Amino acid sequence: MAKVITITSGKGGVGKTTSTANLGTALAMLGKKVIVVDADIGLRNLDVVLGLENRIVYDLVDVIEGNCRLRQALIKDKHNGELYLLPAAQTKDKDAVSQTEMIELVNQLRSEADYVIIDSPAGIESGFKNAIAGADEVIIVTTPEVSAVRDADRIIGLCEAAGKGHPKLIINRLRPKMVRSGEMMSVEDLLQILAIDLIGIIPDDEAVITATNRGEVLVLDKASKTGKYYIDIARRILGENIKIDPIEDNPSLMERLSGMFQGKR
Amino acid sequence: MSEYITIKGSRGGLRVQILDTCEWNDAFLALQTQMRDGAALMHGMKLSLDLGQRELSPQALDELHQVMRTYQTEPVDILAESRTVRAEARTAGFNAKPPMPKSDTSAPEQTSSVLSRTVRSGQILRHHGDLVVLGDVNAGAEVIASGSVVVFGRVRGVVFAGAMGDRSAVICAIELSATQLRIADLRARAPEDQGQKTPEIASIEDNHIAVHAWHDYRR
């Protein structure tokens with residue numbers, strides 16, 4: 001029986017889909033059978049990020065409406081035989097699916113894999129409610145911005161009210177340099193406000209954009225540090241006890257000079 | 001609060017006892033005033049109106065139902081001794097029950113409450129009486145109480161104490177960086193500069209809300 005994890009955030013554009021694609025791939029690389037589900041009906045993206053767009057024949061709504069069998073709609077990943085995608089419908093909207101239908105679908109998926117990762121749409125409306133309806137656990141993605149954190153806080157409250165317990169937190173797009181100079185909220189600031197457990201920190205990395213545009217995921221690139229951070233999160237999902245180290249980058253010459261003048265280092 | 005009505009907190013709601021020996025018009029007016037002044041607290045809480053032995057005409061019940069609908073989103077219970085009043089109340093659109101047994105009403109009322117949780121953005125905590133929150137009140141969250149509010153944590157959201165008009169209510173917090181503070185009929189906005197990181201207390205002084213460091217505060 002699979003464990004079902006929903007990835008959500010409240011605010012859009014903070015990295016839900018990127019995180020779903022990378023964590024799904026990472027779990028598959030670690031030998032688990034994984035199904036990633038795009039619950040963003042009408043605005044599907046996960047297929048693009050995984051580079052599977054041109055293989056879609058049936059989608060989530062087709063399965064729910066009985067136009068096809070579940071296995072017909074599951075698309076095998078290009079790189080990893082253990083990873084499957086259940087794409088969202090692009091020509092429907094969120095009302096095409098009800099919470100009960102979503103729970104039934106998720107329960108069908110449970111017997112097909114070890115992990116089911118659901119990519120939630122942004123917002124707090126029916127799309128979000130559908131995405132968490134069948135989940136055993138919720139992971140919240142946020143960036144160190146006031147607006148994203150405010151939305152994450154709201155979403156945590158809604159998850160708790162829906163009986164999903166305390167979600168886990170991924171802090172995405174952290175810039176250590178800006179944190180050091182006091183221009184960005186630190187990991188500690190975020191944890192103080194949100195008061196939930198951290199499961200990983202992902203640095204701001206331009207490589208995410210290029211990878212996304214190519215339909216590749218970073219965890220496949222062995223040289224990518226960011227990919228490694230995602231693999232660490234996947235290991236933590238599997239229950240391994242891996243310490244969350246602060247994100248380090250090399251301080252610039254200017255920073256080191258001013259540090260010297262202030263008597264640091 | 002007026003002499004005609006008494007409000008008590010009950011499990012998950014409020015019980016409004018309406019004196020059954022006075023003129024209905026006096027009681028009705030007092031109730032309307034209370035509903036208006038205490039709207040922030042009463043709106044969204046489950047209300048039961050205890051009419052006691054009072055007999056009420058169908059018209060009066062209709063009127064009462066309309067007033068309740070103006071202020072209230074939750075269904076309202078009518079508690080009445082008279083079976084006729086209960087039947088008429090149901091016709092008017094209320095839920096109707098006989099009043100609670102005497103032993104229940106005489107039980108000591110619990111007015112203060114301790115809650116151990118983070119109040120998050122979008123959540124509203126309502127309480128009749130004094131409230132202690134062991135945790136943070138985050139930005140976008142609201143805490144509303146008819147008595148005082150003590151937060152053993154950071155306040156970044158909105159706190160409303162004395163929500164039924166009690167001007168002696170106070171708001172205390174380990175870190176009081178509230179977006180807005182309200183006590184009874186007064187409001188205060190957070191100063192633009194960073195709030196103090198020391199425990200503070202807000203109370204009404206000379207018709208405005210004053211905030212003092214806890215160690216400077218003496219009654």
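Modeller: Gladly, and please keep in mind that this is a predicted model. Strands of a sheet pair through backbone hydrogen bonds, either parallel or antiparallel. In chain A, strand E2 (residues 34-38) and strand E5 (residues 115-119) pair in the parallel sense, and five bridges connect them.

Biologist: Turning to chain B, how many residues of strand E10 (residues 149-155) are buried?

Modeller: Five of the seven residues of E10(B) are buried, and the strand is therefore described as mostly covered, where buried means under 20% relative accessible area. Strand E8 (residues 131-133) of chain B pairs with E10(B) in the parallel sense over three bridges, and Leu131(B) stands opposite Val149(B) there. E10(B) also pairs with E12(B), again in the parallel sense, over five bridges. In that pairing, Arg154(B) has Glu175(B) in E12(B) as its bridge partner.

Biologist: How should I read the packing of helices, and at what angle do helix H1 and helix H3 of chain B pack?

Modeller: Two packed helices are described by the angle between their axes and the distance between the axes. For H1 (residues 24-37) and H3 (residues 58-71) of chain B, the angle is about 10° and the axes are 10 Å apart. Angles under 35 degrees count as roughly parallel, so H1(B) is described as roughly parallel to H3(B). On the H1(B) side, the contact is made by Trp24(B), Phe28(B), Leu31(B), Gln32(B), Met35(B) and Arg36(B), which meet Ala60(B), Glu63(B), Leu64(B), Val67(B), Met68(B) and Tyr71(B) in H3(B).

Biologist: How many salt bridges are counted over all chains, and which residue meets Arg120(B) in one of them?

Modeller: The count over all chains is 18 salt bridges. In one of them, the side chain of Arg120(B) meets that of Glu160(A), with 3.6 Å from N to O. Arg120(B) lies in the loop between strand E6 (113-115) and strand E7 (124-127) of chain B, while Glu160(A) belongs to helix H7 (residues 146-161) of chain A, so this pair joins two chains. Arg120(B) counts as buried, at 1% relative accessibility, whereas Glu160(A) counts as partly exposed, at 26%.

Biologist: Which other salt bridges could I look up, for example the one formed by Asp185(B)?

Modeller: Asp185(B) forms a salt bridge with Arg167(B), and their closest N and O atoms are 3.1 Å apart. This pair links distant parts of the chain, 18 residues apart, with Asp185(B) in the loop between strand E13 (180-183) and strand E14 (186-189) and Arg167(B) in the loop between strand E11 (158-161) and strand E12 (171-176) of chain B. Asp185(B) counts as exposed at 54% relative accessibility, and Arg167(B) is partly exposed at 36%. Salt bridges can also share partners, and in this way Asp153(A), Glu160(A) and Arg120(B) are joined into one network.

Biologist: Finally, what is the phi of Ala184(B), and is Ala184(B) buried or exposed?

Modeller: Most residues other than glycine have a negative phi, and most peptide bonds are trans. Ala184(B), although not a glycine, has a positive phi of about 50°. Ala184(B) is found in the loop between E13 and E14 of chain B, and at 8% relative accessibility it counts as buried. Asp206(B) is not a glycine either and has a positive phi of about 45°. Asp206(B) sits in the loop between strand E15 (200-205) and strand E16 (208-213) of chain B, and it counts as exposed, at 72% relative accessibility.

Notes:
Residues are numbered from 1 along each chain as its sequence is written. Chains are lettered from A and ligands numbered from 1 in the order in which they are written. This is a predicted model: local features need pLDDT of at least 70, side-chain atom pairs count only at pLDDT 80 or more; totals for chains, interfaces and linings use all residues. Side-chain values use heavy atoms; hydrogens and water are left out. Axes are lines fitted to C-alpha atoms, for helices over the stretch in contact, and angles run from 0 to 180 degrees between N-to-C directions. Helices (H or I, at least four residues) and strands (E, at least two) are DSSP runs, numbered from the N terminus. Angles under 35 degrees count as roughly parallel, over 145 as roughly antiparallel, 65 to 115 as roughly perpendicular and the rest as oblique. Contact means heavy atoms within 4.5 Å. Two strands pair if DSSP finds at least two bridges between them. A salt bridge is a side-chain nitrogen of Lys or Arg within 4 Å of a carboxyl oxygen of Asp or Glu. Buried means under 20% relative accessible area, exposed over 50%, partly exposed in between (1.4 Å probe, protein chains only).
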